[in-house]
Amino acid sequence: MRSFGRAIHAEFTKVTTTRLWWILAIVMVAYVALVAGGLTAILGVVGTGSGGGARAPQISDAQRAPLIYSFGSSIGYVFPVLLGALVTTGEFRHKTLTPTFLATPKRGRILVAKLVALFVFGALFGVFAMVGSVGAGSGIMAVFGQDAQLGSSGIWALVARAILAMALWCAVGVGLGALIPSQVAAIVIVLAFTQFVEPILRFASGLTDWSASIGKFLPGSASDALVGSSFYTLSAPSLVALDWWQGALVLAAYAVVAAVLGYFTSWRRDVT
Amino acid sequence: MAEGVTIEFTNVTKRFGSVEAVSDLSFSVEPGQITGFLGPNGAGKTTSLRMLLGLVTPTSGSATFGGTTYRNLSSPLGTVGAALEAASFHPGRTAADHLRVYAQAAGLPRSRVGIVLEQVGLESYGNRRVGGYSLGMRQRLGLAYALLGDPGVLVLDEPINGLDPEGIRWIRLFLRQLAAEGRTVLVSSHLLSEVQQSVDEVVIIAHGKLVHRGTLASLDMVESKQVIVDSPNREGLGWALQAAGYAFRSLRGGVIVDNADATEIGRIAFAAGIPLSSLSQKHAGLEDSFLALVGEEGAL
Ligand SMILES: Nc1ncnc2c1ncn2[C@@H]1O[C@H](COP(=O)(O)OP(=O)(O)O)[C@@H](O)[C@H]1O
Ligand SMILES: [Mg+2]
């Protein structure tokens with residue numbers, strides 16, 4: 001057990017001693033703040049009637065804040081996935097599995113320690129992303145005199161669930177990195193899947209009932225179900241969704257299944 | 001420092017697909033000495049050492065430290081230190097941070113980081129990113145990692161590769177000191193000349209098989225198949241050797257005859273009436289014996 005704690009500590013230090021995490025964090029916060037703030041401003045301008053009011057999406061005052069804040073995770077989640085995947089594939093790329101396995105010959109223990117350490121890091125990314133989306137979103141709402149709902153316990157529950165989602169996404173990245181040790185391949189797959197493949201699958205699966213019952217298990221759908229609000233639920237309100245805790249379990253299952261497959265394919269291999 | 005223990009390879013075989021990299025290798029390495037693990041490139045040295053360290057799983061057989069496999073050591077870094085290649089670092093991490101990560105993983109005090117950096121002469125470079133290190137500095141950092149747990153056994157794969165003459169001198173003295181402290185030191189190299197001043201014992205492999213095991217001096221005993229002969233009448237000697245079917249080279253100090261026995265060459269000269277000024281079986285040097293053992297393609 002002590003040795004397990006030491007492995008987690010070391011995996012955590014690996015992340016903090018290179019520049020990757022804060023570069024990703026800065027880009028993520030800027031991106032999330034820009035989208036959350038920008039959209040609030042656009043909706044604000046359109047909503048006050050100075051734009052083409054009739055065509056504007058119907059967003060109630062109650063819907064606005066959760067929708068805007070959820071951008072932190074609904075578009076920001078790709079950053080913790082990249083962090084988890086890059087940190088894990090980096091071990092193969094830089095051949096640091098050699099000193100790692102020499103210091104801790106029980107390889108499964110290291111993979112679990114990595115999942116735990118990056119889950120914590122993902123939560124930290126979740127906090128940053130929420131600072132970005134809630135900060136920028138509520139600031140612009142104040143400009144338009146809208147209710148930012150910062151006193152609502154429902155909003156803070158959403159923020160907490162979004163942080164959990166980001167933590168789980170980072171663990172998914174670790175599993176993916178173990179499954180696809182090639183760094184370039186892992187980056188391409190993460191970006192292609194999160195930015196193109198999954199959005200299309202989610203849209204297509206929503207077209208019929210039977211496919212929707214499968215589509216709700218897609219990782220992005222599970223994540224949105226966990227957070228409880230997103231622009232997807234707005235664009236397709238009839239979408240079948242999981243309960244928030246089911247969404248969390250589905251995401252965790254993705255992380256665990258990928259890590260177990262990665263363990264048996266690449267992690268246990270000869271290090272030559 | 002932990003006790004030096006005996007390294008034991010017992011019938012170790014490793015196949016990569018159809019390639020048999022290591023074949024039924026058995027030998028042991030005793031504490032308090034430097035043992036050279038020699039063989040040409042591709043002989044299977046790195047594969048053998050990685051099997052010893054639990055990084056590569058043998059197809060059959062086992063390699064242990066005093067009977068315990070690496071994966072079952074209770075304190076791996078405190079028992080064995082290993083430096084396997086010059087590039088197992090994240091280029092964006094500083095040397096001190098690199099060492100700190102593994103000190104944490106192994107439960108070693110943080111103070112060890114500064115101590116080992118000083119031991120290898122990197123104390124003023126510890127806070128630089130490893131990406132900017134020269135090959136020599138990387139080799140030293142690899143050694144620092146090996147020393148992190150103050151182990152009784154050191155396993156070093158080609159640690160001299162890429163060092164400048166000053167670095168080579170330094171590492172030779174350093175290995176001597178480590179062995180004098182009672183540690184088991186196993187150093188691989190593809191060049192005998194690189195380590196012959198440092199090692200007490202040699203284990204020589206070629207094509208994954210053991211070809212020689214003994215003291216460094218035992219290499220000198222290997223019989224040479226060459227004869228050095230000379231005559232005031234070199235031309236006549238040449239004809240006589242050629243007639244007898246020998247291959248030879250004429251050098252300034254004499255004629256070197258391959259695959260020959262001195263008695264036989266003397267008899268041929270006598271029969272041809274050639275006077276000899278010198279005749280002897282060539283004394284095989286260490287390097288020649290080494291090359292003879294590993295085969296011609298070993299002379300890379
Ligand atoms: N991962 C691998 N896959 C296939 N063949 C390998 C692998 N690693 C080493 N080999 C082969 O095994 C043999 C021994 O290699 P190696 O142990 O690196 O030799 P050395 O360290 O003595 O130069 C070589 O023929 C090499 O090509
Ligand atoms: Mg080698």
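Modeller: Strand S3 (residues 34-38) and strand S7 (residues 184-189) of chain B run parallel, paired over five bridges. Strands here are DSSP runs of E with at least two residues, helices are runs of H or I with at least four, and both are numbered from the N terminus. Two strands count as paired if DSSP finds at least two bridges between them. One bridge links B:Gly36 to B:Val187 in S7(B).

This is a predicted model: local features need pLDDT of at least 70, side-chain atom pairs count only at pLDDT 80 or more, and totals for chains, interfaces and linings use all residues. Residues are numbered from 1 along each chain as its sequence is written, chains are lettered from A and ligands numbered from 1 in the order in which they are written, and side-chain values use heavy atoms, with hydrogens and water left out.

Now the whole sheet. Six strands of chain B form an open sheet, in the order S5-S6-S7-S3-S8-S9, with mixed pairing. Strand S5 (80-83) and strand S9 (209-215) of chain B each have a single partner strand, so one side of each lacks a neighbour in the sheet. From one strand to the next, the twist averages 15 degrees. Angles run from 0 to 180 degrees between N-to-C directions, using axes fitted to C-alpha atoms, for helices over the stretch in contact.

Next, the helices. Helix H5 (residues 135-147) of chain B packs on this sheet. H5(B) touches S5 and strand S6 (153-157) of chain B, and its direction makes about 165 degrees with that of S5(B). Contact here means heavy atoms within 4.5 Å. Helix H6 (residues 165-180) of chain B lies across S3, S6 and S7 of chain B. H6(B) runs at about 150 degrees to S7(B).

Chain B has another sheet to set beside this one. Three strands form an open, antiparallel sheet in the order S2-S1-S4 of chain B. Its edge strands are S2 (19-29) and S4 (60-65) of chain B, each pairing on one side only. Neighbouring strands are turned by 20 degrees against each other on average, direction ignored. Strand S1 (residues 7-16) of chain B pairs with S2(B) over seven bridges, in the antiparallel sense. B:Ile7 has B:Val29 as its bridge partner in S2(B).
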